[in-house]
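Visitor: I have not seen this one before. Please put it up and I will ask as we go.

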Amino acid sequence: MAPRRLDPDRAAEHLPRLYRAARAWTRSREEAEDLVQETYARVLARRRLIRAEDEVGYLLRALRNTLISQRRAAARRPTTTELSDDTALGTRLNDDPAEAANTRRIYAAIAELPDEFRDALVAVDVAGLSYQEAARALRIREGTLTSRVFRARDRVARRLSEAG
């Protein structure tokens, strides 16, 4: 398959999926929004060629790489005290408090997973990629991805059952 150019207009169509993935990887709505914005700023800053993969897979990998870069940079900075997240999911008027609390517990359980399990689960269950697309985006074999997704789901389920 010949390389093709990433279409900036079509890339914008994938924002909701990438935001959901970023939300699962990060601990706050604002951090997820910033991560998606930074990823798009980097990706769209110059012409990108996509080889043998779809746009969502490419953007998901770019999102993950941006997150890793941000966390490495943050690790080199002095630590600060985190403020409480008053605008977290569930504090808006339209959100059902019980559903929002459940969503926070699920995202917290996902955030506790080891990186390889979290990446697989986010790609398949949060971003909605097929197993084939996710395996390509994460550059692992489909069988490995299947195993990681199964184990990640099992760990999240156990964590949620422990929490009540």
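Visitor: Which are the buried residues of α6?
Guide: They are F117, R118, D119, A120, L121, V122, A123, V124 and V126. Buried means under 20% relative accessible area, exposed means over 50%, and partly exposed is in between (1.4 Å probe, protein chains only). Helices (H or I, at least four residues) and strands (E, at least two) are DSSP runs, numbered from the N terminus.

Visitor: Before we go on, what sort of model is this?
Guide: This is a predicted model, in which local features need pLDDT of at least 70 and side-chain atom pairs count only at pLDDT 80 or more, while totals for chains, interfaces and linings use all residues. Residues are numbered from 1 along each chain as its sequence is written, and side-chain values use heavy atoms, with hydrogens and water left out.

Visitor: Back to α6. Why is it described as largely enclosed?
Guide: Nine of its 12 residues are buried, so the rest of the structure largely encloses α6.

Visitor: What covers those buried residues?
Guide: The cover includes α2, α4, α5, α7 and α8.

Visitor: And what follows α6?
Guide: G128 does, with a positive phi near 80°.

Visitor: Now α7. Which of its residues are buried?
Guide: A134, A135, A137 and L138. Down the axis of α7, these buried residues fall within an arc of 165°, so they line one face of the helix. The arc is that of the directions from the helix axis to the C-beta atoms.

Visitor: What do the buried residues of α7 pack against?
Guide: They pack against α4, α6 and α8. Just after α7 comes R139, which takes a positive phi of about 60°.

Visitor: What is R61 in contact with, leaving aside neighbours within four places in sequence?
Guide: E53, R136, A137 and R139. Contact means heavy atoms within 4.5 Å.

Visitor: How many salt bridges does the structure hold?
Guide: It holds 11. A salt bridge is a side-chain nitrogen of Lys or Arg within 4 Å of a carboxyl oxygen of Asp or Glu.

Visitor: Which residues are linked in a network of salt bridges?
Guide: R10, E13 and E55. The side chains of E13 and R10 meet at 4.0 Å, N to O, and those of R10 and E55 also meet at 4.0 Å, N to O. R10 lies in helix α1 (residues 8–11) and E55 in helix α4, so this pair ties together parts 45 residues apart in sequence.

Visitor: How exposed are those residues?
Guide: E13 counts as exposed, at 53% relative accessibility. R10 is partly exposed at 40%, and E55 is buried at 4%.

Visitor: What does R64 form a salt bridge with?
Guide: With D119, the closest N and O atoms being 2.6 Å apart. D119 is buried, with a relative accessible area of 10%.

Visitor: What about the largest nonpolar core? Which residues touch the most other members?
Guide: Of its 41 residues, L59, L60, L63, I110, L129 and L145 do. The elements that give two or more residues to this core are α2 (15–25), α3 (29–44), α4, α5 (97–111), α6, α7 (131–138) and α8. A nonpolar core is a set of buried Ala, Val, Leu, Ile, Met, Phe, Trp, Tyr and Cys residues joined through side-chain atoms within 4.5 Å.

Visitor: Take L129. What is it in contact with beyond its sequence neighbours?
Guide: Leaving aside neighbours within four places, L129 is in contact with R17, V56, L60, A123, V124, A134 and A137.

Visitor: Step back. How many helices and strands are there in the protein?
Guide: Eight helices and two strands, in the pattern β-α-α-α-β-α-α-α-α-α along the sequence. Of the 164 residues, 38% are buried.
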